Amino acid sequence: MTLESSDVQMLSSTLCLSGQGVVKGYAIGTAVVMSAASLEVAHYRVAPEELPAEHHRLIDAVATARKDLQSMAASLPDDAPRELAALLNVHVMLLDDPVLIQQVCQVVTERQYNAEWALTTQGQLLAEQFAMMEDEYLRERAADIRQVIERVLRVLSGSTAWLPNLDAVASDSLIVVARDISPADMMRLRGGKFAAFLTDLGGPTSHTAIVARSMNVPAVVGMGRVRALVRDGDLLIVDGLEGVVLVNPSEPVLAEYRQRQAAYRRERDALAMLRDAPAVTLDGIRICLEANIELPEEAVAALAAGAEGIGLFRSEFLFMGRSDLPSEDEQYEAYASVVRTMGDKPVTIRTLDLGADKTLDDEEAVAANPALGLRAIRYCLANPDIFDTQIRALLRASLHGEIRILIPMVSQMHEVRAVQDAIERACIALQDRGVPYARNIKLGAMVEIPAMAIAIEPFAEMLDFLSIGTNDLIQYVLAIDRGDKDVADLYDPMHPAVLRLIAHTINVGERAGKPVSVCGEMAGDARVTRMLLGLGLTGFSMHPQQLLDVKKQIRQAHSNALRVKVASALNRAERIDLAALSG
Ligand code: PEP
Ligand code: MG
């Protein structure tokens, strides 16, 4: 079925929002707005004889809000994130606090403010007091106060927009709407089953997008004002490919999208047939397709998609969303479990890439320009205790199968040497403790700083393999913050300068006999697969969900013909016309 013109009419009366679709797929579900913006409230003075009634209005609204929260906490599905229940309980406790209500009643009496005005005034004051507290935990309670006040204000306003009745709504049809979701928050959210993520901020390679992709959940980011325009309980259609969100659509529009969703699922099922087919081009070039993962459990999805190994395990996600550091044993278990899952397939584990927007929970926010600061290998070399613990865990886990160590954000040869020294130190420490470990572990580096790509030769000689991190490489070559939606249109993977650096790295790697792969988001974008083949790329690592789309492209491509076309455009520093590469 396609839309009739009358339905298009209806579509045009549906609120339609757009942003950048970063994870493909359709979702139809109910909005859950995270920390909604303050409500606009009526401000008026209450006549003295009306004051007792105003007090009652306030006390009743608090009681209703409290009851709603309690029943919500009681009806949370088993698979809802644990934090959600804790948060709801904190909010119930705040509403239980007699001081809060007494103070608001006092403002009503003394200043003759209406209940809403008194609540916002007092709430603002309290939130400011909390925000100034030394203790970080207490400081964070400022947001809880704001959220609790908003809840009471909604009761007062008689708004029907409310958190959905979680009894009535299957948990996997909830759509998270937020200003932004930090990687640590995503870690918490990934425990729950959500149908989609929508955020005001972020770009296609922001870590929010990457984690959403790892959860295989449609996501639209950089929407600008989605949190302000969507209310809790709104029915939403999300098109993660086009980056479109329809709010409270009409029945015909809903029916159309249900069909599209079903067709998309059928297409995925057809692709699944390619799982065991080899990734070979029409002219016989064998391509290695590996998977990117963030958590050990995701190795199962990598295998299911037919990945030939793990090309990038972002180990920092083991360190985030918690207040302590994972011990050597805990890390060993995590790495070993991936290796065991992957059997005889190689597992590339990237050492900690903390810094920029990925920080430990207890770390003060970050340097003046975190993307250029103490990040990744720089952070590790400055914190040898943390780094050495990770290396020891990696060496121990590699007894169970092939582990390759990948160093992020390298720009200098002495950083590689420092890592080699750290590996040596770890061997000696394990030997002293009599703990078994594997030697001769392969060492590679991410190529994501332009300086390294430009002067790649000695790195290609010294290291066992190279993996191009296009997400950061593009950011640094073009001076575009990858998470800043205001410059997202300038984030251009197809810029000839970026492609020349990729081509140069591949060529030098080829000459040195060292494998080169791409593990940035470009590797999983089937629209540029042919172009990457044309640059001579033979190794791709991507989210498991993208693997079969890319494999399909590879099996229909003629690699040598693509190389000729791409080389001639690059020689002239021209933009490559993707359409000219297809067919
Ligand atoms: C990259 O920069 O391309 C990459 C794969 O690493 P991350 O996205 O984790 O920075
Ligand atoms: Mg990177």
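Mentor: The buried residues of H10 are Val253, Leu254, Glu256, Tyr257, Gln261, Tyr264, Arg268 and Leu271. Please keep in mind throughout that this is a predicted model.

Trainee: Where do the buried residues fall when H10 is seen down its axis?

Mentor: The general idea is that an α-helix has 3.6 residues a turn, so residues three or four places apart point the same way. In this structure the buried residues of H10 fall within an arc of 160° seen down the axis, so they line one face of the helix. The face turned away from that buried side carries the exposed residues Glu251, Arg266 and Asp269.

Trainee: What span should the 22 residues of H10 have at 1.5 Å a residue?

Mentor: Helix H10, residues 251-272, should span 32 Å, and its end C-alpha atoms are 32 Å apart, which agrees.

Trainee: Which residues come nearest to ligand 1?

Mentor: Of the 17 residues around ligand 1, those that come nearest are Arg314, Arg350, Gly469, Asn471 and Arg482. For Asn471, a backbone N or O atom lies 2.8 Å from an oxygen atom of the ligand. A polar backbone atom of Thr470 is 3.1 Å from an oxygen atom of ligand 1, and a polar side-chain atom of Arg375 lies 3.3 Å from an oxygen atom of ligand 1.

Trainee: What is phi in Gln112 and in Ala479?

Mentor: Most residues other than glycine have a negative phi. Gln112, however, has a positive phi near 60°, and Ala479 has a positive phi of about 55° although it is not a glycine. Gln112 is found in the loop between H4 and H5 and is partly exposed, with a relative accessible area of 29%. Ala479 lies in the loop between H18 and helix H19 (496-512), and at 68% relative accessibility Ala479 counts as exposed.

Trainee: Is Asn114 buried or exposed?

Mentor: Asn114, in the loop between helix H4 (98-111) and helix H5 (115-131), counts as buried because its relative accessibility is 0%. Leaving aside neighbours within four places in sequence, Asn114 is in contact with Ala42, His43, Tyr44, Val46 and Glu54.

Technical notes
Residues are numbered from 1 along each chain as its sequence is written. Chains are lettered from A and ligands numbered from 1 in the order in which they are written. This is a predicted model: local features need pLDDT of at least 70, side-chain atom pairs count only at pLDDT 80 or more; totals for chains, interfaces and linings use all residues. Side-chain values use heavy atoms; hydrogens and water are left out. Helices (H or I, at least four residues) and strands (E, at least two) are DSSP runs, numbered from the N terminus. Buried means under 20% relative accessible area, exposed over 50%, partly exposed in between (1.4 Å probe, protein chains only). Contact means heavy atoms within 4.5 Å. The expected span of a helix is 1.5 Å times one less than its number of residues. The arc is that of the directions from the helix axis to the C-beta atoms. A residue is near a molecule or strand if one of its heavy atoms lies within 4 Å of it. A polar contact is a pair of N or O atoms within 3.5 Å; within protein, one must be able to donate a hydrogen and the other to accept it, and residues adjacent in sequence count only if both atoms are side-chain atoms.
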